[in-house]
Each structure stands twice: as C-alpha cells, then as structure tokens.
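Q: I should like to learn how to read a structure of this kind, feature by feature. May we begin with the model itself?

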Amino acid sequence: MQFLLVLVVLAAVVALVSAPLRARHADAPEPGDDDLPALEAAKEAKYREIRDAELDRRTGKLSEEDWRSLDAQLRAEAMEILRSIDAAETG
Amino acid sequence: MATLGRACLLLALAVSIYGIAASLYGARTGRREWVRSGRRAVYALAGVLTIAFGIVEAAFLRDDFAFDVVASHSSTTTPAFYKATAAWSSQEGSLLLWVWLLALWSSLILWAVRRRARQVQPYATAVLLGFAAFFAGLAFLLADPFATSSPAPAEGSGLNPLLRHPSMMIHPPMLYSGYTLFTVPFAFAVGALIVRRLDAEWIAVTRRFALAAWFALGVGILLGARWSYVELGWGGYWGWDPVENASLLPWLTGTAFLHSVMIQEKRGMLKVWNVSLVLATGILAILGTFLVRSGILDSIHAFGASTLGRPFLVLIAVLIGGSIALVISRRRDLRSEHRLDSLMSREAVFLLNNLVLVGLAFVVFWGTFFPLISEAVTGTRASVGPPWFDRYTVPLALVLVLLAGVGPVIAWRRATPRNLWRGFRLPLGALGAMLAAGLATGLGDRPTSLGMFCLAAFVLAAVAQEFGRGALARRAMTRETLPVALVSLVRRNRRRYGGYLVHAGMAVLFVGVAASSAFQANRDVRLAPGQSTRVGGYDVTYARATTGLEGEKVTLGAVLDVRRDGRRVATLRPDRGYYPSSDPSLGPVARYFDGQATSEVGLKAGLRRDLWMAVEPDVQALEPFVREADRRFRDAGADLQGFLIAAIAERYRTRPEPATFRIIVSPLVSWIWIGALIVIAGALVAIWPPPAASRRREASAYARRLARELGRA
C-alpha cells in the first residue's frame, strides 16, 4: 500500500515539474538584456518620491520654496526615466 | 507510513537538486520552459514536504511510538495540544519544519513574482532550492524523523515540561518563518549580483517579503520573551541567552536593511551596503538555526549537542565566502548613482540608524560567540553575562530611540533650519516636559532610565505630530472629516505610517524595559506558612500550601496574600509541577520528584506594575516519606502509585515545610507587551497589500495604455 502511495506521489511530482517541458510550443529564447522591468521599478520609485515630497510639503517638513525646487528636479528625473522606458519599448 | 515519509524526504532532496539544475540551465540558455520547470520543482517540494510533515504530525497525534521521534518526545499522557507541538521540540522534527516552511514560503513568493525580475528569478530559485537540498539532506541522512523501532515501546518519554506552554505552538514556527523568509531576499540578492541587475527591481520584488520576515521573526522573539517571563521561573524576559541573541541578530540587520533600502529605491545610493546587509541577514538566519540545532553554545533553548555542527559550518563558510566574492566581483555595478545632499536629511539619519543597528548586531554577535572566541584564543571557555551586554547595548539603544523620533520628522534630501525648528519644537517640548517631570519626581539619580523616558516622549510626540499634520493636510485637501482623513492617509501611505506606528511601539516597549530594569524590587526569601515579607512596598504573606495531581504531573504550590498599606491587592497561587522521570532505576514514587520540574508563576499584571511570584517547595523534606514508600511498595501498580503520590502530596499540604519564594515587583512591564502589540499593528499596516481600489485603478490604467498602444499599432 505504502509502495503504491510512493509511486503516486512520484508520478505527481514528475507530472508537475515536467509539464512546461512537455508543452507543445516551447518558448522562444529570452532576449539577453531586458531593461524594462528595472526602468518600471525606477519609475515607480520616482513617482513615490514625488508623492512623498508633496506629503512632506503638506505636513510642513518642506517649505514651499524648497518643495518647488525639489519637485522640479524629481519630475525632470521621472521624465528621463519615461524617455528611457519609451526607448527600451521601441528599441 | 514511515516508508512513505522517508520516500517523500528522498523525493524532496531529488526534486531540489533537479530544480537547481533546471533553473540554472534555463537561465544560461534563456529557455523559459526550464525556468518554469525549476519553479515548479519548488511547488513539488512544498507538496512532498507537506505530506512528510503531515505524517510526522499524525504519528504524534496517534501516539505511534514505533516512530523514534514520537517515543522520545511524547507520551500517551501528553495533552493533545502539546502532542501537536512536540514535533518541533525534536531535532528531527524542527529540521523538517524548517525546510517545509522554506518550501511553502518559497512557493508562495515565486508564484507571486513569477512575471517579475525574470533574469534574477532562476538564480534566486536555485539558491532557495540549494537551502532546501541542504536541509532535506540533513533530515534524510543525519536526523531522520522517520526512523522506527520494532517492537514499538508501549510508552514514550514525554515532552520536555518547559515546552508545555501555549506560545510554544506559535513561537518556533514564527521564528523559522522569519529565518526562512529572510532567505528569500538573500536569494534574490545573489541572483541580482550574478546577472548584474543591481537596480531597484530586485528590491521592489522582495521588499514586502523582507518586511514579512522581519515581522515573523519579531513575533517569534516576542513570544520567546513572554515564555521566558511566565514559564522559566527566573522573572526576566530577556537573558542575553545565545539562542535568544541568535534570533535577534538577523532581526537587527534586517531592521537596518528595511531602512537603508529606501535610500537605494529613492536615490540609487548605498547599493554595496544594502546588498551586504541582506546577504549578512540571510547568513545570520542560517547561523541562528545552527545555534539552536547544534548545541555548540550552552542555552536553555538549545536541545542538546548533535552531529549537525560540521555540515552547518561548511554551509555558513560557503555562504560567507560566496557572498564576499560576489560583492567584490560586482563592485563596479554597485556604485552609487548619487551622493548625500546634506547631513541634515532623512538619508543621513537612516545612515546613522544603520550604523547603530549594525553596531548593536556586532555587540550581540561578539558577546554571544565570546565563549568560542575565548576558547580558540586562550584554550579556556569564558562567557560574558547580562552586565556586559547592557554596558554596550543601553547607550546604543538610547541613540536608536532618538533616531526613531528624528527620522519621521526630517525631510528627504535636505532640511532647512526653519523647517527643522517647525518639525522638532513639539517633540522637543515633550522631551523637556518629561525631563522636568522626571527630575521633579526624583528620577535624576537614574539618568539612563530618565533619558529613555525623555526620548520615548520625544518619539511619541513626533509620531503623533506626523499623524496629526498628515490628517489635517488631507482634510484640507479633500474636505473629509478628521477621522476619515486619518484613515485615508494611512491607507494611501501604508509603508510610511505603518513604519511610524512601529517607531511609536518600539518607544513604548523601551519605556517598559527601562522602567522594569531600573526600578524592579525583588527578593528571594524562605517563608513558613503564616510568615510575611515586604518587597517594593507590598506585604506578602505565605497563607497556605497547595497541591494538585493533573495528568502526569504533581504540583506543590502556595497561596500568597499580597497587601499594600493593609489593603489586600492580590491573592497569587504560584506552584511547581513535577513530571516523572523515565529512569527505571528510580522507585515508583521517587521518579516523580527526581524528574523535570517547571514553575507556574503567580502573576498579577497591571498597567503600573506586575507582581510576579514563584515558589520552590522544599521537596527534600519529603524525601524520607518518598524513600519509605518506594521501599515498601517497590512493585506498586499505577493505581497504588497514584494513591501514594496523593498521600505524600496531601502530607505536604497539611504539614508544609518552609518554601523558598522569588518575589518581584516590576513597574511598567506590561508596556513591553503593549509596545510590542503596537509594533505588530504597525508592521501589519506596512505589509498589507494596497487597497483593492488602487489595484483596480492600476489595472484600468494598464488597460487604457494597452488600448492606446494597440490602437497606435
């Protein structure tokens, strides 16, 4: 009985791990260097930074003047990332 | 079922090795089907280990003493609740628990991030499966939970009485969840280093899991402290024990990582530091497991010496050597993208906070391993005690609490003096008020405690101010009511405000530690019934002795009447439970009093102070009766044995000898647990996934973008 159960577990494991290899249409090889996920992560981090700066201004940690300068700088950096994303998507 | 369990372990080892090979092959050739197959090996691993662990649990619950692990760690008289937890009191069961939790968490996380960090993921999968192969190999070859004996013994040895506490149901799984979850950012960091993708992506993928690891390990440490306080009978919650310290080490470096990682996300700075921290945290998690399982250092939490030391040392050496080699070889890719703009910025505070946390970790590491270091250098094993730890950790903890208040108030990048004044005047006012109140009430002769109270007031005021200003700003923007604005603020900025709550909770916790350490009154005293003693302004009278027979243990205790200024404030009933020894050379009655014993403390907890009392009955006085009973009834059956024990216990109750009591009056201890609950709440706020609405907005934004781009094509 136990031997049968072992065989069932073994068969299930083999079926599970080999399923992608048995698929009819194997995936094409991955491109060597894909920058998009990293750029998307950088964009999200920059957006978060812009929102944080805005919250810092509203809670008084940043003066209006400091915030304007910082916000402009952050937005310029964000636009640079967006340009890189576009370039990666089209290139 | 032992055969099936052993087959599952072998299968776990095989599938781990296959998964490593498939993941690496897929990564090198870019063939995604092999990467997917490697990932599925992790799911399969979780499946077979779930079966294996289920078999062990079932054996404990069914009292199947054919399993050696059950016979040596449980018995028919062990309560069912503790039978379920007994699996991880053993070496074999706890290794199986470790690798099972690793497989479960790895499966969950790899499934959740299967479409992200595609280049890093196969290597991370291989590293996680490498850990799984190591632990499954140990369980299969050196600590087999499925070893059996035939014929099976009729009765087991029982569970270590010290482990019969409800928190033992959760404490080890939480600690191990913390350890195993910390291997996930470790694995992704190794993957990122191998493929040189050292930007913010691997951090964005693993950040939430690093926080979950920190949370689980923190809860595990807290439960361990609580167990120590109410179960070990020495009256403390933290004794700088090697195994306690081992769990604290990755928690400290993990805390540093959770702060410094924000600087990398925002500014692309501290890449070497962050990757080193996360690698160190992963290695310290393995080291923590090694300390518990190897018995290399004396600890009340380590369960005997074992043969596992050498394989663990080899693993740790490989991890350290490999990590250093990877970081050095990738040093050019780890260059910072920006420099620190100003020393008056949140980045600078985080950096200082990191230095303090790593300094604390170094002190704890040095003190913990000093016995081994001293033995290696001088040939004599010497250890350092709590006063040594306190000398270094107390000043560092004070700085840490100060920074916990400064961090939330100061702005990123650069703070101006005017903004600093605006942000700090309320917290500084709170600090000043606490200082004045402390000096007025005579706390000036305890500068460390007073300093901690003042800094805690500073942190609480800073955090309250941040919540208040944030809610007011949101109310001004949205016209919501203040409570709704507060909730919305937290929902939209979970990480920030969850973190602030954690800071507030830590400040409260440290107040409890400072007060209970500095102002505790305690006394060890021997009292006969009717006698009294005075401790911390309380008159404690030993009213009468108590006894009890519960299941397999006999308890001898006391009723203590506690009065203050003549008014009764509590009646406490500490006792000591004696569990029978399995040594057959002892007599049927003596074995009850020569086995293991545990304390049940009498505790009256309050917001202002805890009254904590433990009793050590004088069982030596019963020895003549025990010896006489053993001599006359050497071959007593179970019924007669029970009758004799009851008779001796009754004699103790009616004609009690003086007993030794440890009496502790400890102020504000409850605030340690309250502070810890606030920390837990804050961590949950920060971990919790974004609200469904924002996910829907994100999905609809993607949908709009997709439609736009398809339209363009």
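A: Let us start with a hairpin: S4(B) and S5(B) form one with two residues between them, and Asp565(B) in the turn has a positive phi of about 50 degrees. This is a predicted model, in which local features need pLDDT of at least 70, side-chain atom pairs count only at pLDDT 80 or more, and totals for chains, interfaces and linings use all residues. Residues are numbered from 1 along each chain as its sequence is written, while chains are lettered from A and ligands numbered from 1 in the order in which they are written.

Q: What are the ipTM and pTM of the model, and what pLDDT does chain B average?

A: pLDDT is the predictor's confidence in each residue, from 0 to 100. Where pLDDT is low, the predicted coordinates should not be read in detail. Chain B averages a pLDDT of 89, and 95% of the residues score at least 70. The model has an ipTM of 0.76 and a pTM of 0.88.

Q: How many bridges join S4 and S5 of chain B?

A: Helices (H or I, at least four residues) and strands (E, at least two) are DSSP runs, numbered from the N terminus. Two strands pair if DSSP finds at least two bridges between them. Strand S4 (residues 553-564) and strand S5 (residues 567-572) of chain B run antiparallel and are joined by five bridges. Val562(B) has Ala570(B) in S5(B) as its bridge partner.

Q: Why does Asp565(B) count as exposed?

A: A residue is buried if 20 or more other C-beta atoms lie within 10 Å of its own, exposed if 12 or fewer, and partly exposed in between, with C-beta atoms placed from the backbone. Asp565(B) counts as exposed because it has 8 C-beta neighbours inside 10 Å.

Q: Which way do the residues of S6(B) point?

A: In a regular strand the side chains alternate between the two faces of the sheet. In strand S6 (residues 575-578) of chain B, Asp575(B) and Gly577(B) point one way, Arg576(B) and Tyr578(B) point the other way, and all are buried. S6(B) pairs with S4(B) in the antiparallel sense over four bridges, and Arg576(B) in S6(B) stands opposite Leu556(B). S6(B) also pairs with strand S7 (residues 597-600) of chain B, again antiparallel over four bridges; here Ala597(B) in S7(B) is opposite Tyr578(B).

Q: In what order do the four strands of the open sheet lie?

A: The order is S1-S10-S9-S8 in chain B, with antiparallel pairing. Strand S1 (521-527) and strand S8 (602-604) of chain B are the edge strands, each pairing on one side only. Between them in this order, strand S9 (residues 609-616) and strand S10 (residues 659-667) of chain B pair over eight bridges in the antiparallel sense. Asp610(B) is opposite Ser666(B) in S10(B).

Q: What span should helix H2(B) have?

A: The expected span of a helix is 1.5 Å times one less than its number of residues. Helix H2 (residues 32-61) of chain B has 30 residues and should span 44 Å; its end C-alpha atoms are 43 Å apart, which agrees. Because 21 of its 30 residues are buried, H2(B) is largely enclosed by the rest of the structure. Helix H5 (residues 91-112) of chain B, with 22 residues, reaches 32 Å from its first C-alpha to its last, close to the 32 Å expected. H5(B) is mostly covered, with 17 of its 22 residues buried.

Q: How many residues of chain A are in contact with chain B?

A: Two residues are in contact if their C-beta atoms, placed from the backbone, lie within 7 Å. By that rule, 36 residues of chain A are in contact with 45 residues of chain B. Helix H1 (2-22), helix H2 (36-58) and helix H3 (64-90) of chain A each supply at least two residues of the side that touches chain B.
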